[in-house]
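Reader: I have a structure to go through and I am new to this. Can you walk me through it?

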Amino acid sequence: MAKCRGLGHSVQRKEDARFIRGQGRYIDDIKLPGMLYLDITRSPYAHAKITKIHDETALAVPGVAAVITGKTLEAYNLAWMPTLMSDQQMVLPIDTVKYQAQEVAAVVATSRYAAADGAAALEVDYEPLPVVVDPHAALEPGATRVRDDKDSNHIFHWEHGDREATEAALAASDTVVEQAMHLPRIHVASIETCGCVASWNPVEGHLTLYLTTQAPHAIRTVVALVTAHLGLAEHRIRVISPDIGGGFGGKVPVYPGYVIATAASVVTGKPVKWIEDRSENLQADSFARDYHIKARLGSKGGKITALSLDTIADHGYSDAAANPSKFPAGLYHICTGSYDLSDAHVSVDGVYTNKPPGGIAYRCSFRVTEAVHAIERMVDLLARENGEDPADFRLRNFIRPDQFPYTSVLGWEYDSGDYGAALEKAMDMIGYRDLRAEQTEKRARGELMGIGISSFTEIVGAGPSKTFDILGIKMFDSSEIRIHPTGKAIARFGTKSQGQGHETTYAQIIAEELGIPPEDIQVEEGDTDTAPYGLGTYASRSTPTAGAAAAIASRKIRAKAKKIAAHLLEADEADLEWEQGRFFVKGSPDRGKTIQEIAFAAYTNHPQGLEAGLEATSYYDPPNLTFPFGSYVCAVDIDRGTGQVRIRRFVAVDDCGVRINPMIVEGQIHGGLAMGIAPALFEEISYDPDGNITGGNFVEYLVPTAMETPHWELGETVTPSPHHPIGAKGVGESATVGAPAAVVNAVVDALWHLGVRHMEIPMTPARVWSALNEHGAAATR
Amino acid sequence: MIPPQFDYHVPESLADASRLLLANPEAKLLAGGHSLIPMMRFRLAEPSALVDLRKIPGLAGIGEAEGCLRIGAMTRESELEKSELVQGRYPLLADTARVIGDPLVRNLATVGGNVAHADPGNDHPATMLAYRASFVGRSFPDRRSGTLLEQRHELPLQAEDRTIGADDFFTGPFSTCLKPGEILIEIRIPAPEAGSGGAYEKFERKVGDYAVAAVAVQLRLEGGRIAEAGVALTNVGLTPIRASAAEAALIGSDGGEAALDEAAGAAAAAAEPHEDHRGSVEYKRAVVRTLTFRAASRAVARAKEAPA
């Protein structure tokens, strides 16, 4: 029914009214009486012993109130904190620093400027120590040991699948391709950096934390657990996550600055604000990727047989990834992708180096990007080794629609899919065969163009409680809906939008289920005192979990509404029928009651034996993950004189099941594609051999602008999730996950006839030119 | 990203600005601020004071006079970019103005600032070298006894202007031959003679980035031959580099591909790049070569189209 604009309507985003008027309320907009400001002095060395911190040099700066060091925190047993992966991370160091830009000490002052001057004035004496930057070198015997509390730089070994069977299947294959590839460190670079306002009320023993977090409830529980020895209990902690300017996984971890600001508030008895600047954000906050992959893929008679991935994961000085606890390498074992193959084995070895800690999932459901990159690159290589067009090779090797639900050899049950349909649609849209003809002509003229495909399968919506938890907390999510007497509603969720448009899409789900227009439904998230418990928003999980909870809670309300309607209509419940927004008596469509009339009655005329009010809560434990997929095809032109890659066309066909708000879905895909071409062509955080960061600001960390992004051409297929209440799948990350491989495949395609078999990312002009030059194809004009 | 403390002055005359500079040796002039302010936020520059030029009258404007295009030092890049005069008669300058920073930067950034900041990555310096432009510096020399400050409220000082050729202006990274208290007030580009054409080719990793390399070419055709040529390079050395050998390769030639190739090779040889994220030395030289060929061919085409 069009009138209430539920599913499938491009309703304008309700939250944009405040965002586009500059009325959003972000952390830095929060100003509390008497608030102090905190700034952090950071290490210039990647590894060094701290011999002395000269507090007096900072305290001499007018306005500086306090200097907080590791020793200050040690007194509260807060100098270290656990990571989500059960590793340890320094809040502030007692005696050594382990990476450049690590927090060394904090300065609290009466103004932001005084705090910055104090942090700059603070003198620290260091004795530099040997540095290990390369994770392969870190595993060598005798390598510099990064962690004093560990025996070696090896953090963990994780493997999945049958290595022996995979080796046998590769040995029995007629064609095997092998390729090493590195997905370098990148950073989410969200437009809002991280920060907090910590407000400790010593009289009430109550802590309010305004925090840039994607998971406020989980954070509150973690804070309660790590501060229990200080007498702080969960009911005395309120975490508020206000408007968030982009998270992308970077606002899942707990950063030292949050803890320091909290300690500073306790020490000073005043609210303390900490807002990191752009350089700090890029240099010290959690990075993503940094997987060194050795991949092998085999085929027999043109049919893919087996995949093997051996991986070195560079975690920096602490494993501060943000994966579900049972998955040290996230959902990397989705790496068999969209293909029907019988054997696979995957291993990951985590390594410590003198770099910032992390391993977060940058707009990605826990290492899915790494998995997709590996399989999509390898399938392309294998197709060519088989002498076949990469599109035809994919179409023949896809899991067929009749095989769903499909259990992969690595144990995932794919809920639904039609991979061939998506690829064929993308090929049609871009005119694949014509582009191939054009490429042949251009090659004859010495011009370089390439066409690249990525047919990805995602795995999102973590997740079913039997396997998914974070520090033991199951990864359900929640919705609590209350219908007011006048038929309007408030709905609260355990998730937290960072720009995804939850205030609109959740309202549309409820609108669809109850017939209340979206504008009549107020959606709230992010305040642990009011919202129901949930694990937050990341890994494309909001629609699969909290979105499902919204539908289920709405259906509970509808069930109660039916009883009230029966009472009002003096009819038997069994004789009532539902149309969107209204119950009516079967056979007498005129005799009915709208949801608004029913809501009023719930408070003014409820039936005897039934509680008043109209509200419901759902904690939704998903039976499975959802498996969105798509096919991306792009065409690139390469300038032989400069090595520059230009994306001429980019067609993205996405299948995320039922689309709640098509406009928001398209917006998600646009943004995801921009973030997808970014690591392929532009972004990398790199280090010199001394551990100095060499891409730690926006001069060097090249976030693409509108000028670098092509015009996106979007298409869709719709294969509903069979287990999700409204058939939806997550979509926020598909494009980031799927796009990089398409671009790499296109560039390699352009250079294939020259003998190029692989390109590492980012494919900067310098790197592409080197490949051209090596193969005698660089031009001078 | 928070600069240290500094004093801030907004003088209303050049003489006052000059006095303030002399009185505060660590002070910097503030024009558009789009290079200086970021450096201050990174604490790479820590001037004791900023002397803002925005209230000083007469420092902005574009016009032809006395055989020159005269550009006031405080002219915004966006004004240059939009100027019909520049678009019509100074295509090399128009090309350059279009690729500086991004539109938001160009709305505030100034031509004089771009030149006088003397960042080897800035785009105007190479263009000015190719044009054989000159710069007018104004100072207020003291010919009496006593310090300037003591005399501040006494007799007005006499302005003294000095015209400096582009070849002499850039002395090193972020340094020019301007003397303490001397302020760049005007840029003069010789008006093009018949048969002139020019082009700027910049290769950047993304919009708003400093150039991997960029090449400015200005030349004049006479009787089918290149009679005059200026070739200069951006961001491949400690200063903008005038590629004299490339100019020599062009002069006397017909502007055909062979001559352009030779000039491009000579320009690449003249480059003195260092390796960084933008690429290796070998790569940057290759880019200079490619860009020189492209800039020169566009310059030749424009010269051929130019009114005789």
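Author: Let's begin with a term: two strands pair if DSSP finds at least two bridges between them. Helices (H or I, at least four residues) and strands (E, at least two) are DSSP runs, numbered from the N terminus. This is a predicted model, in which local features need pLDDT of at least 70 and side-chain atom pairs count only at pLDDT 80 or more, while totals for chains, interfaces and linings use all residues. Residues are numbered from 1 along each chain as its sequence is written, chains are lettered from A and ligands numbered from 1 in the order in which they are written, and side-chain values use heavy atoms, with hydrogens and water left out.

Reader: What do β4(B) and β5(B) form?

Author: A hairpin, with 2 residues between the strands. In its turn, B:Glu66 has a positive phi of about 50°.

Reader: How many helices and strands does chain B have?

Author: Chain B has 13 helices and 14 strands. Its radius of gyration is 20 Å, close to the 19 Å that the globule rule gives for 308 residues, so chain B is as compact as a globular protein of that length. The radius is taken over C-alpha atoms, and the globule rule is 2.2 Å times the number of residues to the power 0.38. The C-alpha trace of chain B spans about 65 × 45 × 35 Å along its principal axes.

Reader: And how many helices and strands in chain A?

Author: Chain A has 19 helices and 32 strands. The globule rule gives 28 Å for its 781 residues and the radius of gyration is 27 Å, which is close, so chain A is as compact as a globular protein of that length. Its C-alpha trace spans about 85 × 70 × 50 Å along the principal axes.

Reader: Switching topic. Which residues does a cis peptide bond join in chain A?

Author: One such bond joins A:Ile761 and A:Pro762, with omega about -5°. A:Pro762 is in the loop between α18 (734-751) and α19 (765-774) of chain A. The bond from A:Ala462 to A:Gly463 is also cis, with omega near -25°. A:Gly463 is in the loop between β20 (448-457) and β21 (469-470) of chain A.

Reader: Now the contact. How many residues does it take from each chain?

Author: It takes 25 residues from chain B and 31 residues from chain A, where contact means heavy atoms within 4.5 Å. The area buried between the chains is about 2,500 Å², 57% of it from carbon and sulfur atoms. Buried area is the accessible area (1.4 Å probe) that two parts lose on being put together, summed over both.

Reader: How many salt bridges across the interface?

Author: The rule finds 5 salt bridges between chain B and chain A; each is a side-chain nitrogen of Lys or Arg within 4 Å of a carboxyl oxygen of Asp or Glu. One of them joins A:Asp117 and B:Arg43 (2.7 Å, N to O).

Reader: Which elements of chain B each supply at least two residues of the side that touches chain A?

Author: β11 (196-204), α12 (257-270) and α13 (281-305) of chain B do. The largest share, 7 residues, comes from α13(B).
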